[in-house]
Amino acid sequence: VAIYRAEAALAHFASFGLDVPRLRAVSLRQTRRILDGLDARGLGSRVVTPREEARRGGFVAVRAPAAQSVVSTLRKRGVLVDARGEVVRLGPAPYLTDAEIDRGVSAFADAVAL
């Protein structure tokens, strides 16, 4: 089932001219925006994601001791993230606007400050 879903998603993206190289470029730009936003809020030292583009995947992983609580808080605010242990993963997507990404980073910063 996952393969069929992926095939449908890729076909949908292709209908908008979003091939794999373009999707990667969007992902890198969005993850850079998240990293810059975290740095601006003094949270850069918590980032565990590589900052080098060639090594960076599709998520920005950030240490947060109360990660599950942060996830719950953010979901109540409409920001969808997940956690693995004490690491919250912020994952952009090609359909998100810069304003939505900024709002998510801001909500994350507020949540970890609680």
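1. A pocket here is an open set of grid points with protein on both sides within 12 Å along at least five of seven lines, and its lining residues have an atom within 4 Å of a point. On those terms, the largest pocket of this predicted model is lined by 16 residues. Val79, Leu80, Gly91, Leu96 and Glu100 lie nearest its centre. The volume of this pocket is about 330 Å³. Helix H4 supplies 5 residues, the largest share of the lining.

2. On confidence, the chain has a mean pLDDT of 94, with 100% of its residues at 70 or more.

3. The largest nonpolar core holds 24 residues. Leu38, Val70, Leu74, Val88, Leu90 and Phe108 have the most contacts inside this core. Helix H2 (20-40), E1, H3, E3 and H4 each give two or more residues to the core. The largest share, 7 residues, comes from H4.

4. Helix H3 (residues 67-76) has Ala67, Val70, Val71 and Leu74 buried. These residues lie on the same side of H3, because they cover an arc of only 100 degrees around the axis. The buried residues of H3 pack against strand E2 (82-84), strand E3 (87-90) and helix H4 (98-113). Just after H3 comes Gly78, with a positive phi of about 80 degrees.

5. Val88 is among the core residues with the most contacts inside the core. Leaving out residues up to four places away in sequence, Val88 touches Val60, Ala61, Val62, Ala64, Ala67, Val70, Val81, Asp82, Ala83 and Phe108.

6. Arg56 deserves a separate look. This residue lies in the loop between H2 and E1. Is Arg56 buried or exposed? Arg56 counts as buried because its relative accessibility is 2%, and the cut-off for buried is under 20%.

7. What does Arg56 touch, not counting residues up to four places away in sequence? The contacts of Arg56 are Arg24, Leu28, Thr31, Arg32, Leu35, Thr49, Pro50 and Arg51. For one of these, Arg32, the C-alpha atom is separated from that of Arg56 by 9.6 Å, with the two residues 24 residues apart along the chain.

Conventions: Residues are numbered from 1 along each chain as its sequence is written. This is a predicted model: local features need pLDDT of at least 70, side-chain atom pairs count only at pLDDT 80 or more; totals for chains, interfaces and linings use all residues. Side-chain values use heavy atoms; hydrogens and water are left out. Buried means under 20% relative accessible area, exposed over 50%, partly exposed in between (1.4 Å probe, protein chains only). Helices (H or I, at least four residues) and strands (E, at least two) are DSSP runs, numbered from the N terminus. The arc is that of the directions from the helix axis to the C-beta atoms. Contact means heavy atoms within 4.5 Å. pLDDT is the predictor's confidence in each residue, from 0 to 100. A nonpolar core is a set of buried Ala, Val, Leu, Ile, Met, Phe, Trp, Tyr and Cys residues joined through side-chain atoms within 4.5 Å. On a 1 Å grid over the protein atoms alone, a cavity is a set of points where a 1.4 Å probe fits but cannot get out, and a pocket is an open set with protein on both sides within 12 Å along at least five of seven lines; lining residues have an atom within 4 Å of a point. Grid points are joined across faces, edges and corners, and a volume is the space filled by probe spheres set on the points.
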